Amino acid sequence: MDLKKEKFLYSKNLILRDADETDADFILRLRTDPIKSRFLSQTSASLEDQIAWMKSYKDRRDQAYFIIEDRASNKLGCIRIYNPTGTSFDWGSWLIVEGAAPYVALESALSLYSYARRLGFLTAKIDVRKDNETVWKFHENIFGAKLLQENDIDRFYEVTTEDIDMRLKKYQRLLISADE
């Protein structure tokens, strides 16, 4: 299944904007941050490589990559949906700048789930590094993620349609744009 990319996704406090090559430096800084990179797959430290990847992303139909911004267009992070398989999708590449308000994590995840449901996806797959306890506990405690398996490095989760829909309903007030 191809992913229909959206230019913008809105929530109460955030805008998720489709990423482009002008975001390469910001994304690279997040991905090469010494603390954050401990929980990521390795990436080239070359800005040229990141720009090339972002340019090639525009033609891809198997993922949507968003920059998380506040309503003043300050970049707060990034998030990606990818690997559409039947009615399931993966999501990750979720990085948030240090010191961001606590609502950024919740609203960005809710926005992504809402978008995925509009596209017709039913279940989410999430792969989190075992050492990234804060993030896997977030998925378990906030979204009801079920641990499917783990290995020496990663924990693999699924979030069901029921859990997604329950959280979208519970936090519906956060998904309503402040402009509405």
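User: So how do α3 and α5 sit, oblique or roughly parallel to each other?

Analyst: This is a predicted model. In it, the axes of helix α3 (residues 103–118) and helix α5 (residues 161–170) cross at roughly 120 degrees. Angles of 65 to 115 would count as roughly perpendicular and over 145 as roughly antiparallel, so α3 and α5 are oblique to each other. Their axes come within 10 Å.

User: And is that crossing left-handed or right-handed?

Analyst: The crossing of α3 and α5 is left-handed.

User: Which residues make the contact?

Analyst: From α3 you've got Leu-110, Tyr-113, Ser-114 and Arg-117. On the α5 side they meet Thr-161, Ile-164, Asp-165, Arg-167 and Leu-168.

User: OK, switching to rings. How many aromatic pairs are there?

Analyst: There are twelve aromatic pairs. Take Trp-53 and Tyr-65: their ring centres are 5.7 Å apart and the planes sit at 90 degrees, so that pair is edge-to-face.

User: Where do Trp-53 and Tyr-65 lie?

Analyst: Trp-53 is in helix α2 (residues 47–57) and Tyr-65 is in strand β3 (residues 63–70), so the pair ties together parts twelve residues apart in sequence. Trp-53 is partly exposed, at 31% relative accessible area, while Tyr-65 is buried at 3%.

User: Which rings link into a cluster?

Analyst: Ring pairs join Phe-89, Trp-91, Trp-94, Tyr-113, Phe-121, Phe-138 and Phe-143.

User: What about charges over rings?

Analyst: The charged end of Lys-5 sits over the Tyr-57 ring, 3.6 Å from its centre. Arg-155 lies over the face of Trp-136, at 3.7 Å from the ring centre.

Methods. Residues are numbered from 1 along each chain as its sequence is written. This is a predicted model: local features need pLDDT of at least 70, side-chain atom pairs count only at pLDDT 80 or more; totals for chains, interfaces and linings use all residues. Side-chain values use heavy atoms; hydrogens and water are left out. Rings of Phe, Tyr and Trp (its six-membered ring) pair if their centres lie within 6.5 Å; planes under 30 degrees apart count as stacked, over 60 as edge-to-face and the rest as tilted. Helices (H or I, at least four residues) and strands (E, at least two) are DSSP runs, numbered from the N terminus. Buried means under 20% relative accessible area, exposed over 50%, partly exposed in between (1.4 Å probe, protein chains only). A charge sits over a ring if NZ of Lys or CZ of Arg is within 6 Å of the ring centre and within 35 degrees of the ring normal. Axes are lines fitted to C-alpha atoms, for helices over the stretch in contact, and angles run from 0 to 180 degrees between N-to-C directions. Angles under 35 degrees count as roughly parallel, over 145 as roughly antiparallel, 65 to 115 as roughly perpendicular and the rest as oblique. A crossing is left-handed if the near helix is turned anticlockwise from the far one by less than a right angle, and right-handed if clockwise. Contact means heavy atoms within 4.5 Å.
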